[in-house]
Amino acid sequence: MKAISNFTQTLTMSQTPQKVFEVILKVRKWWTGYHDETFTGMTEKLNDEFTFHAGNGAHYSKQKIVEIIPNQKVVWLITDSKLSFLEKTDEWTGTKVIFEISTQADKTKLTFTHEGLTPEVECYNSCTPAWTEYLQNKLLPLLSTDKVI
């Protein structure tokens with residue numbers, strides 16, 4: 001049986017797990033800045049739902065927060081999607097975005113996984129660089145500062 005290789009990225013920083021958790025929930029602060037992104041809805045509590053639009057109609061997705069463990073884990077279920085640049089435009093629907101927070105020595109480790117975003121799906125080659133860009137260039141800088149957001 002072949003192992004499934006979901007897109008995963010790990011970030012390590014000196015912030016507390018609580019700060020990392022709080023920043024993840026402030027989605028509008030870090031999942032933005034590249035493609036005219038807009039949001040509707042709430043992003044901070046269990047069962048909150050929010051939509052994300054980007055690229056002048058190229059990307060639409062609706063997320064529902066289906067799991068929250070304070071300072072440890074946040075899980076979004078993608079309940080609807082339309083990625084107009086793909087042949088199968090609803091490829092993200094039913095996938096999950098998972099943020100797992102742990103400590104390692106004196107650092108906090110954030111493991112990001114987009115469950116269902118695998119090399120076998122069309123979006124993999126364009127979506128993984130986009131996630132990397134947001135995680136490395138938007139989320140990580142917010143987690144590397146003592147500024148309160």
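Start by selecting lysine 73, which is partly exposed at 22% relative accessibility. Here "buried" means under 20% relative accessible area, "exposed" over 50%, and "partly exposed" in between (1.4 Å probe, protein chains only). Before you go on, note that this is a predicted model, where local features need pLDDT of at least 70 and side-chain atom pairs count only at pLDDT 80 or more, while totals for chains, interfaces and linings use all residues. Numbering runs from 1 along each chain as its sequence is written, and side-chain values use heavy atoms, with hydrogens and water left out.

**Stop 1: the salt bridges**

The term covers a side-chain nitrogen of Lys or Arg within 4 Å of a carboxyl oxygen of Asp or Glu. Glutamate 67 is partly exposed too, at 28% relative accessibility. The count by this rule is four salt bridges.

Next, pick glutamate 44 and lysine 26, whose side chains meet in a salt bridge at 3.2 Å, N to O. Glutamate 44 sits in the loop between strand E2 (38-41) and E3, and lysine 26 in the loop between H1 and H2, so the pair ties together parts 18 residues apart in sequence. The element names come from DSSP runs, numbered from the N terminus: helices are H or I with at least four residues, strands are E with at least two. Glutamate 44 is partly exposed at 38%, and lysine 26 is partly exposed at 28%.

Then try aspartate 90 with lysine 88, a salt bridge at 3.1 Å, N to O. Aspartate 90 has a relative accessible area of 35%, and lysine 88 comes in at 47%.

**Stop 2: the hairpins**

Colour E3 and strand E4 (residues 59-69): they run antiparallel, joined by six bridges. Two strands count as paired if DSSP finds at least two bridges between them. Find phenylalanine 52 and look across to serine 61 in E4, which stands opposite. The two strands make a hairpin with four residues between them, and glycine 55 in the turn has a positive phi of about 65 degrees.

**Stop 3: the nonpolar core**

Which residues touch the most other members of the largest nonpolar core? Select Trp31, Trp76, Phe99, Leu110 and Trp131, out of 37 residues in that core. The elements giving two or more residues to it include strand E1 (7-13), strand E6 (96-104), strand E7 (107-115) and helix H3 (124-143). H3 supplies the largest share, eight residues. A nonpolar core is a set of buried Ala, Val, Leu, Ile, Met, Phe, Trp, Tyr and Cys residues joined through side-chain atoms within 4.5 Å.

Stay on H3 and follow its axis to leucine 135, where the helix bends by about 30 degrees. That bend is the angle between axes fitted to the seven residues ending there and the seven starting there. Buried residues of H3 include Cys127, Tyr134 and Leu139.

**Stop 4: the aromatic rings**

A search of the whole structure turns up 16 aromatic pairs. Zoom in on tryptophan 31 and tryptophan 76: the ring centres are 5.5 Å apart and the planes at 25 degrees, so this pair is stacked. For the rule, rings of Phe, Tyr and Trp (its six-membered ring) pair if their centres lie within 6.5 Å; planes under 30 degrees apart count as stacked, over 60 as edge-to-face and the rest as tilted. Tryptophan 31 and tryptophan 76 are both buried.

Move to phenylalanine 112 and tryptophan 131, a tilted pair at 4.7 Å centre to centre with 55 degrees between the planes. Phenylalanine 112 is in strand E7 and tryptophan 131 in helix H3, so the pair links parts 19 residues apart in sequence. Leaving aside neighbours within four places in sequence, tryptophan 131 also contacts, among others, Phe7, Trp92 and His114. Contact means heavy atoms within 4.5 Å.

Finish on phenylalanine 39 in strand E2. Is phenylalanine 39 buried or exposed? Phenylalanine 39 is buried, with a relative accessible area of 15%. Not counting residues up to four places away in sequence, the residues phenylalanine 39 touches include Val27, Trp31 and Phe50. Show them together with Phe52 and Trp76: phenylalanine 39 belongs to one aromatic cluster whose members include Trp31, Phe50, Phe52 and Trp76.
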